[in-house]
Amino acid sequence: MDGVAQPSTSTNAAFSFISKGWREVRDYADADLQLMRARANSFKNLANSFDRELENFFNSASTSFSVHSFRSSTSTKSDFVKKLQPKISEFRRVYSAPEISKRVLEKWGPRAKLGIDLSAIRNAIVAEVEDGDRDGIVEFRRTRRPARFREFWGEWKEEEGQFEEWEPIRAFKRRLRQLEKKSESVEIFGGFKNNEFVEKLKSSLEVPPLDVPELLAYFVRQSGPFLDQLGVRRDICDKIVESLCSKRKNQLLLHSLSTGESTFFDDNVDDELDLRIASVLQSTGHCYEGGFWTDFSKHNPSDGKRHVAIVTTASLPWMTGTAVNPLFRAAYLSKSEKQKVTLLVPWLCKSDQELVYPNNLTFNSAEEQENYIRNWLEDRIGFKADFKISFYTGKFSKQRRSIIPAGDTSQFIPSKDADIAILEEPEHLNWYHHGKRWTDKFNHVVGVVHTNYLEYIKRERNGALQAFFVKHINNWVIRAYCNKVLRLSAATQDLPKSVICNVHGVNPKFLKIGEKIAAERELGQQAFSKGAYFLGKLVWAKGYRELIDLLARHKNELDGFNLDVFGNGEDAREVQIAAKRLDLKVNFLSGRDHADDSLLGYKVFINPSVSDVLCTATAEALAMGKFVVCADHPSNEFFRSFPNCLTYKTSEDFVAKVKEALANEPKPLTPEQRYNLSWEAATERFMQYSELDKVLNDDKGDTRMSKTNGKSIAKAVPLPNMSEMIDGGLAFAHYCLTGNEFLRLCTGAIPGTRNYDKQHCKDLHLLPPQVENPIYGW
């Protein structure tokens with residue numbers, strides 16, 4: 001899933017010289033136009049201050065006259081001024097008109113030479129002075145003329161009698177004429193390509209910049225999933241990438257032969273392209289930290305320890321797989337000193353507790369339920385687990401018979417602890433998730449799929465249609481919110497980013513029971529005094545329909561066979577009535593812990609369920625050294641390696657396996673088989689297949705190294721790719737849709753679960769949702 005640099009980023013870097021040239025032309029033009037406007041506007045002020053300038057001029061001119069001129073009569077000077085006043089008034093009237101700015105700009109064309117002709121005024125002044133005193137020496141000092149006239153309008157040319165054009169305007173015109181000669185873009189790029197300065201700069205770089213074929217090769221490779229949807233085969237994409245990379249490879253090979261240097265090439269084109277891009281990025285010091293719709297401020301452990309947050313959909317005392325297995329996972333992950341662990345479980349209000357928890361067991365506070373969970377766990381694992389238990393708000397859905405999160409579940413993990421997230425049942429947690437994207441808040445998100453929801457839904461009314469939509473919704477939320485997904489068996493749907501691995505173990509208490517039974521058998525004692533039994537929640541989907549059909553079809557072959565069933569559930573009455581109507585020898589008893597003393601004497605555990613993903617009760621029965629008769633189904637693939645597991649494919653085969661189990665004694669487990677069932681082995685498998693061992697050791701992505709010019713360069717670096725951008729878009733779309741209450745209700749959400757309610761605030765001492773997440777201006 002790791003990619004390499006975005007094509008757009010490298011293209012900008014490669015063509016930075018083109019954009020720089022265009023920016024210089026644009027900046028010169030903008031600066032010139034701003035100066036033109038400013039100077040045109042200041043011309044009005046120039047006319048108003050002209051009297052003051054003339055006064056300065058008179059003062060400066062008077063110093064140039066001879067002493068005889070100063071001794072001339074006062075009337076002569078007065079006459080000079082009187083004759084000059086009409087000319088000044090006319091000049092002010094013309095040049096102070098409102099449209100003067102417009103006239104100036106109109107004259108300021110490509111060929112215009114802008115200047116102010118004061119020759120008439122000068123001639124008048126000189127003529128008046130000469131008439132007043134011809135014997136005087138008149139000297140007109142242009143050098144004393146105000147400097148801003150020259151700076152603003154240009155240099156005066158004596159031979160032409162006009163001002164010279166301003167230098168920035170001349171430069172601007174020259175650039176315009178150059179652009180006119182290169183009107184076609186091909187000529188512009190051709191000139192750039194042949195630019196000697198650019199070629200010298202390229203040759204001076206230690207690592208040459210990426211070429212266009214290399215960028216195109218990367219883009220084609222990253223667009224593989226999209227092209228696959230369009231019908232373009234993957235082998236065609238590989239050939240395109242190989243052909244685009246071959247040109248660059250040949251160039252480097254010729255260069256190495258001419259210079260005598262050794263150049264490293266991978267046999268794999270993808271690895272070679274990764275190495276090439278990684279080397280360019282390393283030479284520039286670039287470090288990618290995110291992509292579209294991602295959060296750059298992620299957890300950075302200051303104390304050297306990583307943090308793992310396990311989020312699950314159920315909690316004790318509800319004896320279900322998603323309540324028990326995540327609890328054991330938290331305990332065994334916390335045994336390592338490398339990371340801190342937090343288990344996040346749902347909190348139900350008192351009314352929902354009465355519907356879910358057995359034996360009318362309820363809790364008044366979260367602390368009370370936490371104590372119950374810790375006591376139950378320590379009685380079974382034999383050591384004190386050092387991890388934190390937190391609660392998020394949830395509600396029980398009678399229709400789905402499961403707990404649905406209320407509000408943004410991710411907000412119950414503080415940002416300082418948001419490092420690694422393990423989502424037990426990620427599709428269930430995110431069906432109606434309206435909040436922070438998990439992969440934005442956490443550095444690494446692992447999903448563990450427990451339940452085969454499609455199999456359950458198919459049993460309902462319009463099940464096929466519902467299963468179709470749920471299948472695609474599951475794919476949607478998995479892509480949007482997870483980095484890696486673990487499927488306990490192939491019984492679940494094929495999900496994106498997923499691998500199949502059993503990462504569950506059995507309660508250590510069952511392994512101890514198995515060791516005790518094996519020791520008794522070695523001493524010649526009878527370990528099993530009872531026949532067959534089945535333990536599971538009394539709902540049809542747990543395999544009771546298959547069990548009743550098998551027993552009813554082969555009632556004669558199984559004459560004298562009795563089966564004890566332990567369980568409670570919503571369908572208990574219907575299941576019992578069906579078995580009684582068919583006159584089956586099935587004895588229904590109340591549900592109890594599998595390690596209860598009343599269950600230890602049974603020799604055969606029968607589990608006909610095909611809706612389970614990985615039956616915990618089956619693993620527990622094998623750990624206690626019992627026979628297990630189960631269906632030949634992907635959910636039981638992990639158990640086939642154990643000699644006491646007897647699988648059947650047909651109903652006739654079921655009868656044969658039951659008789660075989662009743663007639664023989666189970667084989668004791670070997671130390672290796674016993675270890676494979678333990679939580680220590682399950683935790684090792686989890687660390688490996690979830691890539692959590694690499695994440696905890698800060699090994700992000702592919703750590704393969706290659707050497708180029710004596711330097712070690714990672715072949716793959718954490719860079720954005722097309723798949724990540726698509727996942728970000730899916731997450732954004734899901735956030736928008738789950739924010740609409742009408743759409744939530746149409747898809748089966750519990751009303752009011754977009755935020756937690758007042759009772760949750762009271763039980764968990766939370767701020768109201770309006771205060772926790774204020775919205776202004778809506």
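Visitor: Over residues 699-717, where does pLDDT stay, and how many contacts beyond four places in sequence does the model have there?

Guide: This is a predicted model, and over residues 699-717 its pLDDT stays under 50. For that stretch the model has 39 contacts beyond four places in sequence. Residues 108-116 also stay under 50, with 22 such contacts in the model.

Visitor: What is the mean pLDDT of the chain?

Guide: The mean is 76, and 64% of the residues reach 70 or more.

Visitor: Let's pick one residue. Why is Gln369 called buried?

Guide: Buried means under 20% relative accessible area. Gln369 has 0%, so it counts as buried. Gln369 belongs to helix H18, residues 366-381. Leaving out residues up to four places away in sequence, Gln369 touches Ser315, Leu316, Pro317, Trp347, Tyr357, Phe363 and Phe391.

Visitor: Leu316 and Pro317 are on that list. What kind of peptide bond joins them?

Guide: A cis peptide bond, with omega at about 10 degrees. Pro317 is found in the loop between S3 and H16.

Visitor: What makes the rings of Trp318 and Phe396 a pair, and what is the pair called?

Guide: Two numbers settle that. Ring centres must lie within 6.5 Å, and planes over 60 degrees apart count as edge-to-face. For Trp318 and Phe396 the centres are 6.3 Å apart and the planes stand at 80 degrees, so this is an edge-to-face pair. The pair links distant parts of the chain, 78 residues apart: Trp318 is in the loop between strand S3 (306-311) and helix H16 (321-333), while Phe396 is in strand S5 (residues 388-397).

Visitor: Are Trp318 and Phe396 buried or exposed?

Guide: Trp318 has a relative accessible area of 14% and Phe396 has 12%. Both values fall under the 20% limit, so both residues are buried.

Visitor: How many aromatic pairs does the count come to?

Guide: The count comes to 20. Ring pairs also link Tyr533, Phe534, Tyr544, Phe566, Tyr602 and Phe605 into a cluster.

Visitor: How do you know that the charged end of Arg400 sits over a ring, and which ring is that?

Guide: The ring is that of Trp431, and the charged end of Arg400 is 5.4 Å from its centre. The distance limit for a charge over a ring is 6 Å, so 5.4 Å meets that part of the rule.

Visitor: Which way do the residues of strand S9 point?

Guide: Lys484 and Leu486 point one way, Val485 and Arg487 the other, and all are buried. In a regular strand, side chains alternate between the two faces of the sheet.

Visitor: What makes S8 and S9 count as paired strands?

Guide: Pairing takes at least two bridges; S8 (residues 444-449) and S9 have four, so they count as paired. They run in the parallel sense, with Val448 opposite Leu486. On to S10 (residues 498-500): three bridges join this strand to S9, also parallel, and there the bridge partner of Leu486 is Val499.

Visitor: Which residues touch the most other members of the largest nonpolar core?

Guide: Leu377, Phe387, Tyr533, Leu551, Ile606, Phe654 and Phe686, in a core of 108 residues. H16 gives the most to this core, with eight residues. Another core, of 24 residues, lies apart from it, with Ala418, Tyr481, Cys482 and Val485 among its members.

Conventions. Residues are numbered from 1 along each chain as its sequence is written. Side-chain values use heavy atoms; hydrogens and water are left out. Buried means under 20% relative accessible area, exposed over 50%, partly exposed in between (1.4 Å probe, protein chains only). Contact means heavy atoms within 4.5 Å. pLDDT is the predictor's confidence in each residue, from 0 to 100. Rings of Phe, Tyr and Trp (its six-membered ring) pair if their centres lie within 6.5 Å; planes under 30 degrees apart count as stacked, over 60 as edge-to-face and the rest as tilted. A charge sits over a ring if NZ of Lys or CZ of Arg is within 6 Å of the ring centre and within 35 degrees of the ring normal. A nonpolar core is a set of buried Ala, Val, Leu, Ile, Met, Phe, Trp, Tyr and Cys residues joined through side-chain atoms within 4.5 Å.
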